[in-house]
Amino acid sequence: PSIPRHTNRLINEKSPYLLQHAHNPVDWYPWGQEAFDKAKKENKLIFLSVGYSTCHWCHVMEEESFKNKEIGEIMNKNFVCIKVDREERPDVDKVYMTFVQATSGGGGWPMSVWLTPDLKPFVGGTYFPPEDGVHRVGFRTVLLRIAEQWKENKEALLENSQKILEALLHVSEIRVRGQESPPPAKEVMATCFQQLSNSYDEDYGGFSKSPKFPTPVNLNFLFTYWALHRTAPEGARALQMALHTLKMMAHGGIHDHIGQGFHRYSTDQHWHVPHFEKMLYDQGQLAATYSRAFQISGDEFFADVAQDILLYVSRDLSDQAGGFYSAEDADSYPTTTSGEKREGAFCVWAAEEIRALLPDPVEGATEGTTLGDVFMHHYGVKETGNVNPMKDPHQELKGKNVLIVQCSLELTAAQFGLELGRLSALLRESRRRLSAARAQRPRPHLDTKMLAAWNGLMISGFAQAGMALAKQEYVSRAAQAAAFLRRHLFDPTSGRLLRSCYRGKDNTVEQSAVPIQGFLEDYVFIIQALFDLYEASLEQGWLEWALQLQHMQDKLFWDPKGFAYFSSEAGDPSLLLRLKDDQDGAEPTANSVTVTNLLRAACYSGHMEWVEKARQILAAFAERLQKIPIILPEMTRANAIFHQTLKQVVICGDPQGEDTKEMLRCVHSVFSPNKVLMLADGDGAGFLYRQLPFLASLERKDGKATAYLCSNFACSLPITSPQELRGMLCP
């Protein structure tokens, strides 16, 4: 490769996204004191650009503007330019995104914001084309106008930025007003169900026309709603909505039928043409959601999809040290000789490619049928490509096919006169050949940064699948990743988590010179993962660590005045606002998940102040939960569980005994949203017995493994039959 003409300070960073910009002619700085000091000393405005490495429009803006020498000169002359990876610094991203959304009515990435030297925002937007167009003003023009304003009207700008900040503080505040208590579960559940039901797509599943996101938070809410209303028609509808959505997603192009895993979202109503990046947080949540769908329905289809996701993550997103990488990009080079990347190039197919790979005649099928005919029929492949030109504005997918299962196996079998088992084998062989052909293509960029929070979500995915599918290897993979977090993203001397670490040279795990401290979501998703991992493995060490982290989370983030947790800790002078997220989106918001964490923590420790904290969070969000619960489906779910009180399922038995294992398999196979599992192994000196004295009074009946259902530390009669236990867990 040729020697780059420019190199800026980002060359010293670890984030793959920042390193992508290290050779721009822009004099980029990372977020930090050096840049802030320069802005103050030279009395210059700051241009802040925020994105992430698998963001399509971030690549476009870099190609058009940040690689342009003249635009680079305008930026360097007039501004101190700062680049931020939003996945490393969600706190910085959130502050300025709150501003952009409030002032422009929209938001997204790349985010472009201009700040005064003391970091207050006054103009912002997202993607700007380089030059003026009919409908949009170009980036060059915006830069020059803002530089001019700073020269001419400095005082007015500063005054204005102060007013904006005060308004933002006011809008973004979430706190308890007066003597509020958690909102009533029944009404909030009913409203949330109604709002989801009204936005549900009866034909294709999902909760909007387009674009369509997987949003596991909605599906998990519907599962819990069903579990609490099993016999009502609304309960049946909730379950049908969730299962139909999961089926349509798995059949759609958003699901990678050749390389496994799920893309980020679909650009159309049919789950057909996706944006092709694959994010770790989606794989983790979807693995758990498909596992729950299998628990509830017993339909192997859902178990197969969960295994497909975990195969993808194990193969393509796993570091040899045990951690999980963040994402795979959407754009890649179509061939080894291509000069420019195209979106989806790694995943799409021309009809003639498929015909060439699958020319074999199919015995027993209608005369002249080839393997290619069968495969193309089943996966909706068309000779001229199957992508609607409206969904392909840059014509990157012209003549190409995104595979989508258009008809059932039964229909395809009938079409060609084949029996089902034979058809399945033919399709499996076809997918294997396409997979081998695809392995010859240049791979998309892999973001090898490892984030604590997303690793937490993925550990939960492996642990929950391990329980629901009775697969020990998934539980072991979850434990390996938890040990990785403990080794690389936890500081045992301070007891604190770190946000991120990186794959270095020779595949070692590296840390940046100044490690980024963990945020609220890192604690919350890891605590959730450790509880899930304890239930799957019954190793008490994970429980002990989870409770330590919960104490640390309380210390760093709790708001004693307004209740609930702040997203970031106090004491960072470069953060203008300490915010509380208030929407469950592609990922659940940390305050939603922490409600259930706190209730679980109280069950495992007997510390009732954690139940009180859960109550206070729900009170702080009461107004939002009553008006628009659809934006907080995970918190709505947690509110229902809070009002139900958790069931402690205690199994007394020898961990190695067959009877104990049978009892545990029974608990693992049942979907019960308000259960907390624990094993009383008789070791009075162990962690759980020290935490929960009532365990000592529970005994094995007739020497057999015995279950007790307890709530608020009062227990049922002993149960020794797994069938009877199953009946009690599924009322």
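Modeller: Take helix 12 (residues 300-316) and helix 17, whose axes come within 11 Å and cross at roughly 130°; helices are DSSP runs (H or I, at least four residues) numbered from the N terminus, and axes are lines fitted to C-alpha atoms over the stretch in contact, with angles from 0 to 180 degrees between N-to-C directions. The model is predicted, so local features need pLDDT of at least 70 and side-chain atom pairs pLDDT 80 or more, while totals for chains, interfaces and linings use all residues. Residues are numbered from 1 along each chain as its sequence is written, and side-chain values use heavy atoms, without hydrogens or water.

In helix 12, Leu310, Val313 and Ser314 meet Met458, Phe462 and Ala465 of helix 17 (heavy atoms within 4.5 Å). By class, this contact has 5 nonpolar, 1 polar and no charged residues.

Helix 17 (452-468) also supplies at least two residues to the lining of the largest cavity, as do helix 9 (216-228), helix 11 (280-297) and strand 19 (675-680), among others. A cavity is a set of points on a 1 Å grid where a 1.4 Å probe fits but cannot get out, and lining residues have an atom within 4 Å of a point. This cavity has a volume of about 670 Å³, the space filled by probe spheres set on the points. Of its 36 lining residues, Arg292, Gln464, Asp532, Arg600 and Arg637 lie nearest the centre. The lining has 15 nonpolar, 14 polar and 7 charged residues.

Note on methods:
1 Å grid on protein atoms, 1.4 Å probe; cavity = no way out; pocket = protein on both sides within 12 Å on 5 of 7 lines; lining within 4 Å. Nonpolar A, V, L, I, M, F, W, Y, C, P; charged D, E, K, R; others polar.
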